[in-house]
Amino acid sequence: MADVRSMCAIGLRGQLGLRGGLPWEGRKEPEFSADVARFFALTRGHVLLVGPATKSSIPAFAYADRTVVGIRSGDDPASVIAAFPDRVVYVGGGPAVWKSYAPLIQHWDITRLPYDGEADRWFDPAWLTAA
Ligand SMILES: NC(=O)c1ccc[n+]([C@@H]2O[C@H](COP(=O)([O-])OP(=O)(O)OC[C@H]3O[C@@H](n4cnc5c(N)ncnc54)[C@H](OP(=O)(O)O)[C@@H]3O)[C@@H](O)[C@H]2O)c1
């Protein structure tokens with residue numbers, strides 16, 4: 001059975017995304033670059049499930065050492081995960097994906113970054129307790 005995880009970074013009020021990218025894109029402080037590096041280090045070798053917009057923001061190099069799988073709203077979450085037995089599967093967003101897959105996620109890894117600006121995608125704490 002797959003080990004189903006999720007990793008995301010949020011701003012101080014739960015900001016997740018802005019205009020298709022990360023709200024803090026371009027910020028050079030070490031917290032921000034360390035978070036991106038950590039994401040690629042910890043998902044290496046594993047399966048990463050992503051909605052279409054998130055998939056289009058994944059850099060080409062990331063495909064070399066992880067299994068990136070585009071998922072659609074017509075897919076059944078349990079069946080998608082069942083296709084990867086004995087793998088670590090990261091549910092990579094965006095919000096509609098986390099909402100649907102939340103009941104299947106066993107481990108959440110959330111980094112809270114020092115960003116307090118605008119966003120158009122938000123983290124929902126209800127995902128953590130979805131049954
Ligand atoms: N801060 C972070 O850690 C983080 C991580 C990931 C993404 N983001 C940000 O989030 C934004 C992208 O997210 P997004 O919501 O705009 O688009 P998205 O990544 O395309 O995810 C949402 C889409 O996934 C599809 N989907 C696949 N399986 C689904 C399911 N079971 N239930 C519902 N929908 C499902 C749907 O599209 P269809 O109906 O077309 O299939 C849905 O509209 C960007 O700004 C990105 O930077 C941030």
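Helices (H or I, at least four residues) and strands (E, at least two) are runs assigned by DSSP, numbered from the N terminus. Residues are numbered from 1 along each chain as its sequence is written, and the model is a predicted one, in which local features need pLDDT of at least 70, side-chain atom pairs count only at pLDDT 80 or more, and totals for chains, interfaces and linings use all residues. Side-chain values use heavy atoms, with hydrogens and water left out.

Helix 1 runs over residues 30-43, and at 1.5 Å a residue its 14 residues should span 20 Å, which agrees with the 20 Å between its end C-alpha atoms; the expected span is 1.5 Å times one less than the number of residues in the helix. In this helix Phe32, Asp35, Phe39, Phe40 and Thr43 are buried. They cover an arc of only 125° around the axis, so they lie on the same side of helix 1, where the arc is that of the directions from the helix axis to the C-beta atoms. Here buried means under 20% relative accessible area, exposed means over 50%, and partly exposed lies in between, with a 1.4 Å probe and protein chains only. The buried residues of helix 1 pack against strand 1 (3-10), strand 3 (47-50), strand 5 (88-91) and strand 6 (107-112). After the helix comes glycine 45, whose phi is positive, near 85°.

**The nonpolar cores**

A nonpolar core is a set of buried Ala, Val, Leu, Ile, Met, Phe, Trp, Tyr and Cys residues joined through side-chain atoms within 4.5 Å. The largest one has 22 residues, and those with the most contacts inside it are Leu49, Val91, Trp98 and Tyr101. Two or more residues come to this core from each of strand 1, strand 3, helix 3 (77-82), strand 5 and helix 4 (95-101). Apart from it lies another core, of ten residues, including Leu48, Val50, Ala62 and Val88.

Tryptophan 98 touches Ser6, Met7, Cys8, Leu16, Val91, Gly92, Gly93, Ile105, Trp108 and Trp127, if residues up to four places away in sequence are not counted; contact means heavy atoms within 4.5 Å.

**Around the ligand**

Of the 26 residues around the ligand, Ala53, Thr54, Arg72, Ser73 and Ser100 come nearest, and a residue is near a molecule if one of its heavy atoms lies within 4 Å of it.

| Residue | Atom in the residue | Atom in the ligand | Distance |
|---|---|---|---|
| Leucine 16 | backbone N or O | nitrogen | 3.0 Å |
| Alanine 53 | backbone N or O | oxygen | 2.7 Å |
| Serine 100 | side-chain N or O | nitrogen | 2.7 Å |

**Loops and backbone angles**

Most residues other than glycine have a negative phi, and most peptide bonds are trans. Arginine 19, in the loop between strand 2 (15-17) and helix 1, has a positive phi near 50°, and this residue is exposed, with a relative accessible area of 64%. Aspartate 86 lies in the loop between helix 3 and strand 5; its phi is also positive, near 65°, and aspartate 86 is exposed at 68% relative accessible area. The peptide bond from glycine 93 to glycine 94 is cis, with omega near 0°, and glycine 94 lies in the loop between strand 5 and helix 4.

**Two buried loop residues**

Arginine 66, in the loop between helix 2 (52-56) and strand 4 (67-70), is buried, with a relative accessible area of 6%. A polar atom of its side chain lies 3.0 Å from the backbone oxygen of phenylalanine 40, and a polar contact of 2.6 Å joins the side chains of arginine 66 and threonine 43.

Alanine 119 has its place in the loop between strand 6 and strand 7 (121-122), and at 18% relative accessibility alanine 119 counts as buried. Although alanine 119 and glutamine 15 are 104 residues apart along the chain, their C-alpha atoms are separated by 5.5 Å. Leaving aside neighbours within four places in sequence, alanine 119 is in contact with Gln15, Leu16, Gly17, Leu18 and Pro23.

Conventions
Polar contact = N/O pair within 3.5 Å; in protein donor to acceptor, adjacent residues only side chain to side chain.
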